[in-house]
Amino acid sequence: MQLYKNQHIKIYNSLTGKKEAFKTINEGYVGMYVCGPTVYSNVHLGNVRTFMSFDMIFRYLKHLDYKVRYVRNITDAGHLENDADVGEDKITKKARLEEIEPMEIVQRYTVDFHNVLNRFNFLPPSIEPTATGHIIEQIELINTIIENGFGYEVNGSVYFDVHKYNETNNYGILSKRKLEDLIHNTRALDGQSDKKNPQDFALWKKAEPTHIMRWPSPWSDGFPGWHLECTAMSTKYLGNQFDIHGGGMDLKFPHHECEIAQNQAAKGQAPVNYWMHANMLELNGTRMSKSSGNYINPAELLSGKNDIMSKAYNPNVIRFFMMQSAYRSVLDLTDNGLLASEKGFNRLMNAVDDLDNLKSSNTSSFDVKAWKQSCYNAMNDDFNTPILIANLFEAVNHINAIKEGNTTISPEDLELFKNAIHTFVFDLLGLNNAQDTTEETDKLSGAVALLIKLRQEARANKDFALSDKIRDELAEVGITLNDSREGTTFSTN
Ligand code: AMP
Ligand code: ZN
């Protein structure tokens with residue numbers, strides 16, 4: 001029998017502000033969509049935390065025998081600076097600064113994103129669609145929204161009519177904002193004059209003549225608005241209504257609010273039953289973000305090459321650190337916190353190693369089944385990983401007591417105990433007890449840095465044969481050198 005029939009999950013639904021019993025639309029199946037990264041720069045650890053929360057949720061749903069279709073997109077067009085409708089496209093801007101094709105930017109940072117997630121032992125999603133791969137679907141969606149009277153065209157751009165929509169729907173249903181307050185708090189900005197109202201948002205933007213990423217449409221050569229891609233891709237792969245939609249807390253408004261509005265306007269129904277929002281990772285007490293400069297990249301934390309932490313950390317320790325806090329809590333990334341997690345992680349792994357040498361007795365002096373159910377109870381309670389970890393430390397105490405002969409366990413219970421610990425530690429928390437790879441990576445980085453330096457010297461001496469040889473031979477062993485204005489970096493494949 002499928003596990004989900006015995007284990008009943010409750011999910012905190014941002015839409016209702018309550019923990020609700022999880023009931024899927026189709027029995028046994030879960031459709032889950034999570035907003036993926038905008039691939040214009042390296043992901044920072046804040047991004048990693050949000051994706052890790054949903055990786056853990058994906059793992060648990062699968063473990064409960066649900067057939068999960070997990071869609072996590074790549075935003076490779078349409079995301080403008082400041083999440084606004086004016087300003088430059090983030091990817092185009094980076095491409096302009098680096099004097100390369102926007103699609104080279106997309107490729108570079110998509111590869112970085114995957115490399116980072118691999119280091120933290122993420123499972124790949126079921127589908128990873130891109131915004132540029134779904135332009136036709138987005139144009140169709142705009143057509144329907146216009147036909148239904150909720151979109152209008154001005155000078156080749158198309159906007160969503162928030163005021164009209166709000167007459168028959170509730171714009172603010174998710175973020176709990178009121179249109180009157182939004183109107184009150186918005187200044188009319190020059191350059192937004194195309195819109196009927198400043199609250200309206202772009203579905204399609206006419207491209208300036210210099211804008212490279214552009215597609216033909218009935219309205220202009222242009223590009224889709226940022227919110228639209230997620231509506232197009234989520235409903236294409238999960239249906240007009242699906243179970244879970246996730247993302248970081250900062251996406252609740254306007255991004256997710258607009259997704260709801262677009263779906264209601266196009267299909268006459270709310271797209272999502274459970275909206276889930278992961279809370280922010282902070283550094284120095286404020287939200288980690290690229291734009292403020294308050295961030296640390298995974299590579300810097302893994303290599304120890306940063307001014308913030310005292311040492312390098314193993315990816316498992318970082319994962320454990322993140323799992324020690326509930327996904328809905330704010331988490332501050334500190335050296336002390338990581339050091340404490342490192343101790344805890346090592347203690348847990350030593351106990352897991354000891355499991356194989358434990359001797360069983362005739363009877364058990366503690367209730368293994370009840371312990372196991374309390375682990376499930378933690379996960380069923382809105383994926384409460386810190387409580388799960390507290391239960392695992394209780395198991396560590398049992399393991400040590402069995403070793404010392406102060407507690408007994410029967411052979412059947414020992415089997416159950418071992419399996420449960422392996423499941424929770426490896427399959428659900430996504431940890432592994434492989435040796436620290438950080439040190440090896442450090443050595444590799446050091447060696448490649450030396451080769452990059454020699455190549456620079458060769459170039460300075462106009463010895464291009466040697467500089468090309470270094471680049472080509474590194475490529476042959478799977479190390480690609482990426483030259484940019486900021487210098488040369490490398491990636492492995
Ligand atoms: P972006 O590439 O900026 O669209 O962000 C990708 C994901 O990371 C989104 O779900 C954001 O909500 C999330 N995110 C951004 N900053 C943080 C942070 N400091 N902590 C946790 N998640 C974040
Ligand atoms: Zn999205």
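Biologist: Where is Pro254 found?

Modeller: Pro254 is found in helix 8, residues 252-267; helices here are DSSP runs of H or I with at least four residues, strands are E runs of at least two, and both are numbered from the N terminus. The model is predicted, so to speak of local features we need pLDDT of at least 70, and side-chain atom pairs count only at pLDDT 80 or more, while totals for chains, interfaces and linings use all residues. Residues are numbered from 1 along each chain as its sequence is written, with chains lettered from A and ligands numbered from 1 in the order in which they are written.

Biologist: What makes the peptide bond from Phe253 to Pro254 cis?

Modeller: Its omega is near 0 degrees.

Biologist: Why are helix 10 and helix 11 called roughly perpendicular?

Modeller: The axes of helix 10 (residues 315-323) and helix 11 (residues 335-354) cross at roughly 105 degrees and come within 9 Å. Angles of 65 to 115 degrees count as roughly perpendicular, under 35 as roughly parallel, over 145 as roughly antiparallel and the rest as oblique, and therefore this pair is roughly perpendicular. Axes are lines fitted to C-alpha atoms over the stretch in contact, with angles from 0 to 180 degrees between N-to-C directions.

Biologist: Why is Glu99 called exposed?

Modeller: Glu99 has 8 other C-beta atoms within 10 Å; 12 or fewer means exposed, 20 or more buried, and in between partly exposed, with C-beta atoms placed from the backbone. Glu99 is therefore exposed.

Biologist: And how do you know that Asn155 is exposed?

Modeller: Asn155 has 9 C-beta neighbours inside 10 Å, so Asn155 counts as exposed too.
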